[in-house]
Amino acid sequence: MALKILIADDEEKIRKLVRKYAEREGYEVIEAENGEEAYELAVKEDPDLVVLDVMMPKMDGFEAYQKIRKVKDIPCIFLTALNEEYNRIYGFDVGADDYVAKPFSTNELMKRIGVIFKRMNKGPQDDERIKIEGLVIDEDARTVTIDGTPETLSLKEYELLLYLVKNRGIAVTRETLLEKIWGYGYFKDDRTLDTHIKLLRKTLGPYAKYITTIRGVGYRFEKNA
């Protein structure tokens with residue numbers, strides 16, 4: 001059964017963005033637009049984790065979480081534009097597990113959510129193998145297996161595949177890939193990247209289709225694990 005996250009924020013675009021990334025990670029998502037609704041949904045829907053904006057109408061995030069804690073023991077991450085130390089301290093005083101200041105990276109928020117679930121022994125535990133259908137990447141052994149058959153990749157091909165898979169669903173620019181895989185200040189002809197992508201696709205066989213070209217931008221790995 002999918003882990004359930006309640007995201008409460010009076011800005012719809014923030015709720016929708018968090019929903020998009022959370023569902024990509026396999027979580028079920030419910031939304032609230034104010035603190036009062038967040039409290040009601042937390043009691044009714046029994047989420048595994050709540051993400052609460054501090055500044056919300058009807059009831060702020062701090063008050064909403066204090067009420068939730070009286071009924072259910074649910075971990076919480078606060079979102080806030082208030083970055084003063086006393087606000088962070090107060091958030092932890094009311095029982096928050098983490099605190100993220102706006103504007104925030106949605107990828108970072110997903111990582112923080114994952115850390116909390118792992119600490120609670122919920123969700124995927126530490127396993128250095130990434131499995132996408134019959135494609136298995138073992139980070140400890142630095143190996144790639146396709147439908148049970150070990151494949152030989154060059155160091156750069158392996159690093160390129162691993163980076164794209166770990167950022168799956170995100171359009172990664174050519175510049176970023178050259179910097180991350182070949183190093184900062186790499187100024188050689190970027191056809192090097194195209195060549196490695198071509199070789200990588202050849203090796204991946206039936207899974208090559210998951211590496212898509214974003215014209216004028218770079219590449220994206222489409223398939224979720």
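Trainee: How many helices and strands does the secondary structure of the protein chain come to?

Mentor: The secondary structure comprises eight helices and 12 strands. Helices (H or I, at least four residues) and strands (E, at least two) are DSSP runs, numbered from the N terminus. This is a predicted model, in which local features need pLDDT of at least 70 and side-chain atom pairs count only at pLDDT 80 or more, while totals for chains, interfaces and linings use all residues. Residues are numbered from 1 along each chain as its sequence is written, and side-chain values use heavy atoms, with hydrogens and water left out.

Trainee: What makes the span of helix 6 agree with its number of residues?

Mentor: The expected span of a helix is 1.5 Å times one less than its number of residues. Helix 6 (residues 155–166) has 12 residues and should therefore span 16 Å; its end C-alpha atoms are 16 Å apart, which agrees.

Trainee: Why is helix 6 called oblique to helix 7?

Mentor: Axes are lines fitted to C-alpha atoms, for helices over the stretch in contact, and angles run from 0 to 180 degrees between N-to-C directions. The axes of helix 6 and helix 7 (residues 174–182) come within 10 Å and cross at roughly 125°. That makes helix 6 oblique to helix 7, given that angles under 35 degrees count as roughly parallel, over 145 as roughly antiparallel, 65 to 115 as roughly perpendicular and the rest as oblique.

Trainee: Which residues make the contact between helix 6 and helix 7?

Mentor: With contact meaning heavy atoms within 4.5 Å, K156, E159, L160, Y163 and L164 of helix 6 meet T176, L177, K180, I181 and W182 of helix 7.

Trainee: What makes helix 6 roughly perpendicular to helix 8?

Mentor: Helix 6 and helix 8 (residues 191–204) pack at an angle of about 80°, with their axes 10 Å apart. That angle makes helix 6 roughly perpendicular to helix 8. On the side of helix 6, the contact involves K156, E157, L160, L161 and L164; the partners in helix 8 include L193, H196 and I197.

Trainee: Why does Y21 count as buried?

Mentor: Buried means under 20% relative accessible area, exposed over 50%, partly exposed in between (1.4 Å probe, protein chains only). Y21 has 17% relative accessibility and therefore counts as buried. Y21 is found in helix 1 (residues 12–24) and touches T106, N107 and M110, not counting residues up to four places away in sequence. Y21 and M110 are 89 residues apart in sequence, yet 7.4 Å apart in space, C-alpha to C-alpha.

Trainee: Why is G216 called exposed?

Mentor: G216 has a relative accessible area of 83%, so G216 is exposed. G216 lies in the loop between strand 11 (211–214) and strand 12 (218–221).

Trainee: Why does D46 count as partly exposed?

Mentor: D46 has 45% relative accessibility and so counts as partly exposed. D46 lies in the loop between helix 2 (35–45) and strand 3 (49–53), and has a positive phi of about 50° although it is not a glycine.

Trainee: Why does E133 count as partly exposed?

Mentor: E133 has 49% relative accessibility and therefore counts as partly exposed. E133 lies in the loop between strand 6 (129–132) and strand 7 (135–138), with a positive phi of about 55° although it is not a glycine.
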